[in-house]
Amino acid sequence: MKRAIELAKKGWGRTNPNPLVGAVIVKDGKIISEGFHEVVGGSHAEVCAINNADTSVAGSTMYVNLEPCSHYGRTPPCVKAIIEAGIKKVVVAMIDPNPKVSGKGVNILKEAGVEVEVGVMEKEAKALNEIFINYVVNKKPFVIMKTAMTLDGKIATFTGSSKWITGTEARRYVHIIRDRVSAIMVGSNTVIKDNPFLTTRLENKEGKDPVRIIVDGKGIVPEDSNVFNSSSKAPAILATTLSIDKDKEKRLTEKGVKIIKTEGEHVDLKLLMDELYKINIDSILLEGGGTLNSYAISSKIVDKVMFFIAPKIVGGKNAVTPVEGCGIDKMEDALEIKNVSVKEFGNDILIEGYLEK
Ligand code: AOF
Ligand code: ZN
């Protein structure tokens, strides 16, 4: 199962909004075949493993990190392929949270006389597919708020200088995350101040750019900003309100920018999430700044946080912090981060954890 999970990770950033799945076929104590889900719409991991076998898989055991599917979707059901191949036993890490499958896959296998064991490395399998689980259960994109701050909690100096807070290893990891998620989201201030491309730059692999989402209620982001003019194949989305200038909206649309509008003075982030879910965006890396972060937290759209901390002190009471807005008044109301874990990147540390919504 460990190997199946390792294989599943090869699909990172390519299977969205579908799950990461790996499958291993074992016969007489030896691995005789392996497969993983490479790309959304492509063959499922189980079918890849069966097709990749050089010898007969009849009488073998399959290890797979997600319950085999029972439905006709983009591809025919995997349970059918497993039964027809004569596989004797299937070891599954977790039941599929997708209501189209959930439990039905296991039942069909059992009815056909295939032995099934469920729950092997379940915790690891659920962590691996946290984005997919949230997508099919909550029908929302999984939002990861990422920030890089100094030891004294600043995301820039008082003059706005922010290049660079963290070192190369930490920044490289952020690009790996950009490669895995469907979209990246920033506020208008970040685009105006930093003029970022919001693309993925990896060293030894071709990266996949995420869809670039700019939250700009007033419609003030300049049309010549890099996000609207780069050669990236990934679409740009401007999330704004009805107050955007009609001619500007027209010109941006002609450039290929998708405009999503909500009513009211500010972009309604919850409604925006519903719209993004509808276009298959299963995950969003929220890269600030402080105002959008605060608004995202108060709108309860954030699922996970990633705080990179660099061992530097910049000071300054006007230097911005990762979460601006008004803040809460009582410490007992502070947002608590659950399942906290810590990683090191060079001299920087990363604290990750989850928000209860
Ligand atoms: C995958 N890859 O390896 C497995 C999946 O959209 P479809 O028709 O490809 O079906 C997707 C569903 O199939 C998915 O939500 C999950 O429930 C199940 N298993 N999906 O994309 C795989 N094993
Ligand atoms: Zn399947």
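Start by colouring the two domains: the C-alpha centres of domain 1 and domain 2 lie 35 Å apart. Select 1–130 for domain 1 and 140–355 for domain 2; these bounds come from an automatic or database domain assignment. Where they meet, five residues of domain 1 are in contact with eight of domain 2 (contact means C-beta atoms, placed from the backbone, within 7 Å).

Before going on, note that this is a predicted model, where local features need pLDDT of at least 70, side-chain atom pairs count only at pLDDT 80 or more, and totals for chains, interfaces and linings use all residues. Residues are numbered from 1 along each chain as its sequence is written, while chains are lettered from A and ligands numbered from 1 in the order in which they are written.

Next, select ligand 1. Among the 17 residues around it, Asn-18, Val-21, His-44, Gly-73 and Asn-98 come nearest (a residue is near if its C-beta atom, placed from the backbone, lies within 6 Å).

Beyond four places in sequence, Leu-198 touches Ile-184, Val-186, Arg-212 and Val-227.

Is Glu-287 buried or exposed? Glu-287 is buried, with 24 other C-beta atoms within 10 Å. Show Lys-146, Ile-184 and Val-186 to see its contacts beyond four places in sequence.

How values were computed:
Two residues are in contact if their C-beta atoms, placed from the backbone, lie within 7 Å. A residue is buried if 20 or more other C-beta atoms lie within 10 Å of its own, exposed if 12 or fewer, and partly exposed in between; C-beta atoms are placed from the backbone.
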